[in-house]
Amino acid sequence: MTQVSQAMTRGVRTIAPHDTLVAAAQAMEELDIGALPVCDGDRLVGMLTDRDIVIRAVAQSCAIEDTTVADVMTEDTVCCFEDQSIDEVQEQMSDSQIRRVPVVDREKHLVGMLSLGDLAVKGGGRLDDTLEAISQPAEPDRSGQSQASGGAGGGSSRQQAGSLDDDVRH
(Lines give C-alpha, C1' and ligand atoms only; values in the text may rest on other atoms or scores of the structure.)
Protein backbone atom coordinates (compact mmCIF):
# COMPACT_ATOMS: atom_id res chain seq x y z
CA MET A 1 0.00 0.00 0.00
CA THR A 2 1.48 3.35 -1.08
CA GLN A 3 1.90 6.02 1.58
CA VAL A 4 1.30 9.76 1.14
CA SER A 5 5.01 10.47 1.70
CA GLN A 6 5.80 8.64 -1.55
CA ALA A 7 3.53 10.84 -3.69
CA MET A 8 3.34 14.25 -2.00
CA THR A 9 5.11 17.44 -3.05
CA ARG A 10 7.63 18.75 -0.52
CA GLY A 11 8.99 22.27 -0.11
CA VAL A 12 5.61 23.94 -0.43
CA ARG A 13 5.27 27.74 -0.43
CA THR A 14 3.16 29.04 2.46
CA ILE A 15 1.59 32.33 3.49
CA ALA A 16 1.13 33.77 6.99
CA PRO A 17 -2.27 34.73 8.44
CA HIS A 18 -1.22 38.40 8.78
CA ASP A 19 -0.14 38.71 5.12
CA THR A 20 -2.42 40.64 2.76
CA LEU A 21 -4.57 39.09 0.08
CA VAL A 22 -2.54 41.04 -2.48
CA ALA A 23 0.62 39.25 -1.33
CA ALA A 24 -1.18 35.91 -1.43
CA ALA A 25 -2.55 36.54 -4.93
CA GLN A 26 0.89 37.60 -6.14
CA ALA A 27 2.41 34.39 -4.74
CA MET A 28 -0.31 32.35 -6.49
CA GLU A 29 0.36 34.15 -9.76
CA GLU A 30 4.14 33.73 -9.46
CA LEU A 31 3.86 30.00 -8.75
CA ASP A 32 0.87 29.40 -11.06
CA ILE A 33 -1.12 27.76 -8.25
CA GLY A 34 -4.60 28.23 -6.83
CA ALA A 35 -4.05 27.42 -3.16
CA LEU A 36 -1.62 28.25 -0.39
CA PRO A 37 -1.30 26.61 2.99
CA VAL A 38 -1.54 29.20 5.76
CA CYS A 39 1.07 28.65 8.46
CA ASP A 40 1.96 30.30 11.72
CA GLY A 41 5.66 29.45 11.64
CA ASP A 42 5.65 25.87 10.37
CA ARG A 43 2.29 25.00 11.97
CA LEU A 44 -0.66 24.69 9.58
CA VAL A 45 -3.57 26.96 10.60
CA GLY A 46 -5.62 27.00 7.38
CA MET A 47 -5.77 27.11 3.61
CA LEU A 48 -6.33 30.00 1.22
CA THR A 49 -7.56 29.41 -2.31
CA ASP A 50 -8.09 31.72 -5.23
CA ARG A 51 -11.78 30.93 -4.78
CA ASP A 52 -11.63 32.12 -1.14
CA ILE A 53 -10.22 35.43 -2.33
CA VAL A 54 -12.97 35.88 -4.91
CA ILE A 55 -15.96 34.64 -2.87
CA ARG A 56 -15.05 35.92 0.58
CA ALA A 57 -13.29 39.17 -0.32
CA VAL A 58 -13.91 40.45 -3.84
CA ALA A 59 -17.60 39.46 -3.97
CA GLN A 60 -18.12 41.06 -0.56
CA SER A 61 -16.45 44.32 -1.66
CA CYS A 62 -13.60 44.04 0.85
CA ALA A 63 -10.68 46.44 0.52
CA ILE A 64 -8.19 43.93 -0.90
CA GLU A 65 -5.12 45.93 0.16
CA ASP A 66 -6.30 45.96 3.79
CA THR A 67 -7.75 42.45 4.00
CA THR A 68 -5.54 39.79 5.54
CA VAL A 69 -5.27 36.13 4.75
CA ALA A 70 -6.78 35.35 8.18
CA ASP A 71 -9.91 37.30 7.23
CA VAL A 72 -10.87 34.93 4.40
CA MET A 73 -8.92 31.68 4.79
CA THR A 74 -10.52 28.35 5.58
CA GLU A 75 -9.57 27.41 9.12
CA ASP A 76 -11.01 23.91 9.45
CA THR A 77 -8.72 22.44 6.84
CA VAL A 78 -8.90 18.82 5.83
CA CYS A 79 -5.34 17.50 6.07
CA CYS A 80 -3.58 14.18 6.12
CA PHE A 81 -0.47 12.61 7.60
CA GLU A 82 2.56 11.59 5.59
CA ASP A 83 2.33 8.01 6.87
CA GLN A 84 -1.31 7.53 5.82
CA SER A 85 -2.17 5.31 2.89
CA ILE A 86 -3.01 6.89 -0.46
CA ASP A 87 -6.30 4.97 -0.54
CA GLU A 88 -7.38 6.43 2.81
CA VAL A 89 -6.53 10.00 1.74
CA GLN A 90 -8.26 9.59 -1.62
CA GLU A 91 -11.38 8.62 0.33
CA GLN A 92 -11.03 11.85 2.40
CA MET A 93 -10.60 13.88 -0.78
CA SER A 94 -13.68 12.27 -2.33
CA ASP A 95 -15.82 12.79 0.77
CA SER A 96 -14.74 16.44 1.12
CA GLN A 97 -14.72 17.13 -2.65
CA ILE A 98 -11.23 18.63 -2.55
CA ARG A 99 -8.42 18.39 -5.09
CA ARG A 100 -5.46 19.02 -2.78
CA VAL A 101 -4.65 18.23 0.83
CA PRO A 102 -1.96 19.67 3.09
CA VAL A 103 0.27 16.97 4.56
CA VAL A 104 1.30 17.41 8.19
CA ASP A 105 3.30 15.54 10.79
CA ARG A 106 1.70 14.48 14.07
CA GLU A 107 2.39 17.94 15.61
CA LYS A 108 0.49 19.58 12.70
CA HIS A 109 3.67 20.99 11.12
CA LEU A 110 3.30 21.27 7.36
CA VAL A 111 5.56 18.85 5.48
CA GLY A 112 4.01 18.96 1.99
CA MET A 113 0.91 18.89 -0.20
CA LEU A 114 -0.86 16.05 -1.96
CA SER A 115 -2.85 16.93 -5.08
CA LEU A 116 -4.74 15.02 -7.73
CA GLY A 117 -1.78 15.78 -10.00
CA ASP A 118 0.58 14.11 -7.54
CA LEU A 119 -1.70 11.08 -7.45
CA ALA A 120 -1.87 10.94 -11.24
CA VAL A 121 1.92 11.09 -11.63
CA LYS A 122 3.22 9.22 -8.57
CA GLY A 123 0.40 7.83 -6.52
CA GLY A 124 -1.56 4.96 -7.87
CA GLY A 125 -4.78 4.23 -6.06
CA ARG A 126 -8.30 4.78 -7.40
CA LEU A 127 -7.80 8.11 -9.17
CA ASP A 128 -10.82 7.72 -11.48
CA ASP A 129 -13.20 7.17 -8.56
CA THR A 130 -11.66 10.05 -6.59
CA LEU A 131 -11.94 12.49 -9.50
CA GLU A 132 -15.53 11.46 -10.17
CA ALA A 133 -16.54 12.00 -6.52
CA ILE A 134 -14.74 15.33 -6.28
CA SER A 135 -16.34 16.57 -9.49
CA GLN A 136 -19.96 16.00 -8.40
CA PRO A 137 -21.81 19.33 -8.50
CA ALA A 138 -22.28 20.98 -5.13
CA GLU A 139 -25.49 22.71 -4.11
CA PRO A 140 -25.03 26.47 -4.52
CA ASP A 141 -25.32 28.74 -1.50
CA ARG A 142 -28.35 30.88 -2.17
CA SER A 143 -28.20 32.76 1.15
CA GLY A 144 -27.98 36.11 -0.62
CA GLN A 145 -24.85 37.37 1.12
CA SER A 146 -23.47 39.33 -1.81
CA GLN A 147 -24.83 42.17 -3.90
CA ALA A 148 -24.65 39.89 -6.94
CA SER A 149 -27.01 37.28 -5.52
CA GLY A 150 -29.80 38.01 -7.97
CA GLY A 151 -31.02 35.52 -10.52
CA ALA A 152 -28.37 33.59 -12.37
CA GLY A 153 -28.26 32.99 -16.09
CA GLY A 154 -27.86 36.40 -17.67
CA GLY A 155 -31.36 36.82 -19.05
CA SER A 156 -34.46 34.88 -19.92
CA SER A 157 -34.27 31.78 -22.05
CA ARG A 158 -36.73 33.35 -24.48
CA GLN A 159 -34.33 36.24 -25.23
CA GLN A 160 -31.41 33.89 -25.58
CA ALA A 161 -33.35 31.57 -27.88
CA GLY A 162 -34.52 34.54 -29.96
CA SER A 163 -31.00 35.75 -30.52
CA LEU A 164 -29.93 32.25 -31.50
CA ASP A 165 -32.80 32.03 -33.96
CA ASP A 166 -31.83 35.40 -35.44
CA ASP A 167 -28.25 34.21 -35.91
CA VAL A 168 -29.39 31.02 -37.61
CA ARG A 169 -31.72 32.87 -40.02
CA HIS A 170 -29.03 35.23 -41.36
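Start with the largest nonpolar core, a set of 13 residues. Select Ile15, Leu21, Ala24, Leu36, Val38, Leu48 and Val69, the ones with the most contacts inside this core. Keep in mind that you're looking at a predicted model.

Now colour helix 1 (21-31), strand 1 (35-40), helix 2 (50-58) and helix 3 (69-72): each gives two or more residues to this core. Helix 1 supplies the largest share, with four residues.

Next, click on Val69. Which residues does it touch, leaving out those up to four places away in sequence? You'll find Ile15, Ala16, Pro17, Asp19, Thr20, Leu21, Ala24, Val38 and Leu48.

There's a second, separate core to visit too, made of twelve residues. Pick out Cys80, Met93, Val101 and Leu116, which are among them.

To find it, select Val12, Ile33, Ala35, Arg100 and Met113, the closest to its centre of the 18 residues that line it. Strand 1 turns up again here: along with strand 5 (110-115) and helix 5 (116-123), it gives two or more residues to the lining. Colour the lining by class and you'll get eight nonpolar, five polar and five charged residues.

Last stop: colour everything by pLDDT. The mean for the protein is 81, and 71% of its residues reach 70 or more. Helix 3 has the highest confidence, at a mean of 97, while helix 7 (residues 157-169) has the lowest, at 39. Finally, select residues 149-170, where pLDDT stays under 50 and the model has four contacts beyond four places in sequence.

Note on methods: Residues numbered from 1 in each chain as written. Predicted model: local features only at pLDDT ≥ 70, side-chain atom pairs only at ≥ 80, totals over all residues. Heavy atoms only, no water. Core = buried A, V, L, I, M, F, W, Y, C linked by side-chain atoms within 4.5 Å. Buried < 20%, exposed > 50% of the residue type's maximum accessible area, 1.4 Å probe, protein only. Contact = heavy atoms within 4.5 Å. 1 Å grid on protein atoms, 1.4 Å probe; cavity = no way out; pocket = protein on both sides within 12 Å on 5 of 7 lines; lining within 4 Å. Nonpolar A, V, L, I, M, F, W, Y, C, P; charged D, E, K, R; others polar. pLDDT = per-residue confidence, 0-100.
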